[in-house]
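Subject: The structure we talked about

Hello,

Here is the structure I promised to pass on. Please have a look at it first, and then read my notes below.

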Amino acid sequence: MDKQTFTPVTFGYLRREAKWLHLYCTVCGHDREFDVSQPPFAHMTDSTVVPTLGQSMVCSNCGTKGKVWSVPEFHGALPETRKRWRQLRD
Ligand SMILES: [Zn+2]
C-alpha cells in the first residue's frame, strides 16, 4: 500500500485486522476496549468508517458527547496504548 495514501479505517478492516476498538474519552480519560464482532458494534456494516463514530459517542463515565477517540486496537496492546497516551498528556 502507498504510504502517502490515508484510508479511513472501516469496521470491515477492524474485523479483518484488529478485532478490537479502543474508545478513549479525551475529557476524563475513561477508556475501554470493545470486541467489534460483539454488541454494540456487531450490527455495524463493513463500510462504516470508524473515526466518524467518536463524534456521536457519549462517554459512559462523564457524559461528554463528541470527545471520544476511537482507535483500532490489537488485542493485548491496550496497556502499551495507555502508556503512549499518558506520555502525550504529560
Ligand atoms: Zn469521559
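This is a predicted model: local features need pLDDT of at least 70, side-chain atom pairs count only at pLDDT 80 or more; totals for chains, interfaces and linings use all residues.

**The overall layout**

The protein has 2 helices and 3 strands, and along the sequence they come in the order α-β-β-β-α. Of the 90 residues in the protein, 13% are buried. Looking at contacts between residues at least 6 apart in sequence, 65% join residues at least 24 apart.

**The hairpin**

Strand β1 covers residues 19-25 and strand β2 covers residues 31-35; the two run antiparallel and are joined by 5 bridges. Y24 stands opposite D31 in β2. There are 5 residues between the strands of this hairpin, and in it G29 takes a positive phi near 85°.

**Two backbone details**

Most residues other than glycine have a negative phi, and most peptide bonds are trans.

K19 is not a glycine, yet it has a positive phi of about 75°. K19 lies in strand β1. K19 counts as partly exposed because it has 16 C-beta neighbours inside 10 Å, and the partly exposed class sits between 12 or fewer for exposed and 20 or more for buried.

The other place is the peptide bond from P39 to P40, which is cis, with omega near 5°. P40 belongs to the loop between β2 and β3.

**The segment before α1**

Both T7 and V9 sit in the segment before α1, which itself spans residues 11-18. How many residues apart in sequence are T7 and V49? They are 42 residues apart, while their C-alpha atoms are 9.8 Å apart in space. V9 and T52 are 43 residues apart in sequence, and their C-alpha to C-alpha distance is 9.8 Å.

Are these two residues of the segment buried or exposed? T7 has 9 C-beta neighbours inside 10 Å, so T7 counts as exposed. V9 has 19 other C-beta atoms within 10 Å, and therefore V9 is partly exposed; a buried residue would need 20 or more.

**The loop between β2 and β3**

Q55 is another residue to look up in the loop between β2 and β3, where β3 spans residues 68-74. Q55 is exposed because 11 other C-beta atoms lie within 10 Å. Q55 and K65 are 10 residues apart in sequence and 7.3 Å apart in space, C-alpha to C-alpha.

Best wishes

How values were computed
Residues are numbered from 1 along each chain as its sequence is written. Helices (H or I, at least four residues) and strands (E, at least two) are DSSP runs, numbered from the N terminus. Two residues are in contact if their C-beta atoms, placed from the backbone, lie within 7 Å. Two strands pair if DSSP finds at least two bridges between them.
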